[in-house]
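User: Here is a two-chain model. I would like to go through the terms used for it and see what each one rests on.

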Amino acid sequence: MHSLMDLILEGVMNSAESGAKNISVEVRESGNLIRTLIEDDGELEMSGCLFDSSYSTKGPMRGYGLSEIKKRDEKAEIIRDGLYTKLSFQALDDSSLDDLRSALLPLFIPRGEERIDFRYYQDDTLRFELSSDRLEDLDAIPYNAHTIANFNRLFD
Amino acid sequence: MPKLTRQELDKIRAREEEKLKKRDIHGKTTHVVVGMGTQGISAGAKNVLNALSDEIEKAGLENVILTQTGLIVSDKAPVVEVFSPEKGLVVYGNVSVKDAQRIVKEHLLENKILEDKRIQVEE
């Protein structure tokens, strides 16, 4: 079964594959519940049921990440708001975000040209934020030995 | 032994050559790509990605670029592709964290292909 962090990665992969150049990930922890909102400027095909495990826009054997999210949260929804697609879902805290360094490394290791903004709130207080822009300024987009080391140092 | 079709292999090569050109790699010659589609994530690709980054950092491999992509090859996740001028494209399937450590040690450092993990090409 996918962990909560796996579901976030699925959401971000979905955004990246829709052609998004900018992806925002907001994670809000309240008690033992974690609510995630992923917003992107990619294209969204609204035909068919996007959460359906028998439906994919990516071709055979691909693109079923949203169905994994739906398995965990029946109320997960994806809407188009102007130029932005918004995916929201919630799940019980399974500790997969406790080690932020390990959780966020796969988020920021490059997959395409997209820029990512990540914000983590605890009881409505911003506890942590990280972005591709900040990582670039710090030479810490984790893709080689040097930049991976710089990325890891942010969590020391 | 798991196999790739020639078409799948050509698609991976074209994609990686394009990415390497875009990255302006300044002598960084080897590209390691982890398949992070749904099947990859279910099969533990996230841990493989983390393990590769740890080992690449520990080994100080400045000439290696690590990236990720959606799933290219089905039924063999987690998949790791290694693309280098010396060995060309090598695709590994069913990669575990231990295999990821071997890929860095044997393929990247010792220039030896892990034949037991390699996905062969269907001719």
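Predicted model: local features only at pLDDT ≥ 70, side-chain atom pairs only at ≥ 80, totals over all residues.

User: What makes strand 2 (residues 33-40) and strand 4 of chain A a pair?

Analyst: Two strands pair if at least two bridges are found between them. Eight bridges join strand 2 of chain A to strand 4 of chain A, so the two count as paired. They run antiparallel.

User: How many bridges join strand 3 (residues 77-81) of chain A to strand 4 of chain A?

Analyst: Five bridges join them, and these strands run antiparallel. A:D81 has A:Y84 as its bridge partner in strand 4. The hairpin of strand 3 and strand 4 of chain A has two residues between the strands, and A:G82 takes a positive phi near 70° there.

User: Which residues form the covered face of strand 4 (residues 84-92) of chain A, and which the uncovered one?

Analyst: A:T85, A:L87, A:F89 and A:A91 form the covered face. The uncovered face holds A:Y84, A:K86, A:S88, A:Q90 and A:L92.

User: Why is A:E68 called buried?

Analyst: A residue is buried if 20 or more other C-beta atoms lie within 10 Å of its own. A:E68 has 20 C-beta neighbours inside 10 Å, so it counts as buried. A:E68 is found in helix 2 (residues 65-72) of chain A. Leaving out residues up to four places away in sequence, A:E68 touches A:H2, A:L7, A:E10 and, from chain B, B:T38.

User: Why does A:D123 count as exposed?

Analyst: The cut-off for exposed is 12 or fewer neighbours. A:D123 has 9 C-beta neighbours inside 10 Å and therefore counts as exposed. A:D123 sits in the loop between strand 5 (115-122) and strand 6 (125-131) of chain A. Its phi is near 50°, a positive value in a residue other than glycine.

User: What makes B:N94 partly exposed?

Analyst: The class covers counts between the two cut-offs, 12 or fewer for exposed and 20 or more for buried. B:N94 has 15 C-beta neighbours inside 10 Å, so it counts as partly exposed. B:N94 lies in the loop between strand 5 (88-92) and helix 4 of chain B, and its phi, near 50°, is positive although the residue is not glycine.

User: How do you know that the peptide bond from B:A77 to B:P78 is cis?

Analyst: Its omega is near -5°. B:P78 is in the loop between strand 3 (64-69) and strand 4 (80-84) of chain B.

User: Why are strand 3 and strand 5 of chain B at the edges of their sheet?

Analyst: The sheet is open, with four strands in the order 3-2-4-5 and mixed pairing. Strand 3 and strand 5 of chain B each have a single partner strand, so one side of each is left without a neighbour in the sheet. Neighbouring strands are turned by 20° against each other on average, direction ignored. Within the sheet, four bridges join strand 2 (residues 30-35) to strand 4 of chain B, and these two run antiparallel. B:V32 stands opposite B:V82 in strand 4.

User: What lies across this sheet?

Analyst: Helix 4 of chain B lies across strand 2, strand 3, strand 4 and strand 5 of chain B, at about 15° to strand 4.

User: At what angle and distance do helix 3 (residues 45-59) and helix 4 (residues 97-109) of chain B pack?

Analyst: The angle is about 35°, and the axes are 8 Å apart. Helix 3 passes helix 4 of chain B in a right-handed crossing. The contact residues include B:V48, B:A51 and B:L52 of helix 3 and B:A100 and B:V104 of helix 4. The residues of this contact divide into nine nonpolar, two polar and one charged.

User: Which residues touch the most other members of the largest nonpolar core?

Analyst: They are A:V12, B:V48, B:L52 and B:V80, in a core of 70 residues. Helix 1 (residues 4-17) of chain A gives the largest share, eight residues. Apart from neighbours within four places in sequence, B:V80 has contacts that include B:V32, B:V48 and B:A100.

User: How many residues does each chain bring to the contact between chain A and chain B?

Analyst: Each side is listed with 24 residues, 24 from chain B and 24 from chain A. Helix 2 (38-43), helix 3 and strand 3 of chain B each supply at least two residues of the side that touches chain A. That side of chain B divides into nine nonpolar, eleven polar and four charged residues.

Methods. Residues numbered from 1 in each chain as written. Chains lettered and ligands numbered in written order. Axes fitted to C-alpha atoms, helices over the stretch in contact; angles between N-to-C directions. Left-handed = near helix turned anticlockwise from the far one by under 90°. Contact = placed C-beta atoms within 7 Å. Nonpolar A, V, L, I, M, F, W, Y, C, P; charged D, E, K, R; others polar. Core = buried A, V, L, I, M, F, W, Y, C linked by C-beta atoms within 7 Å.
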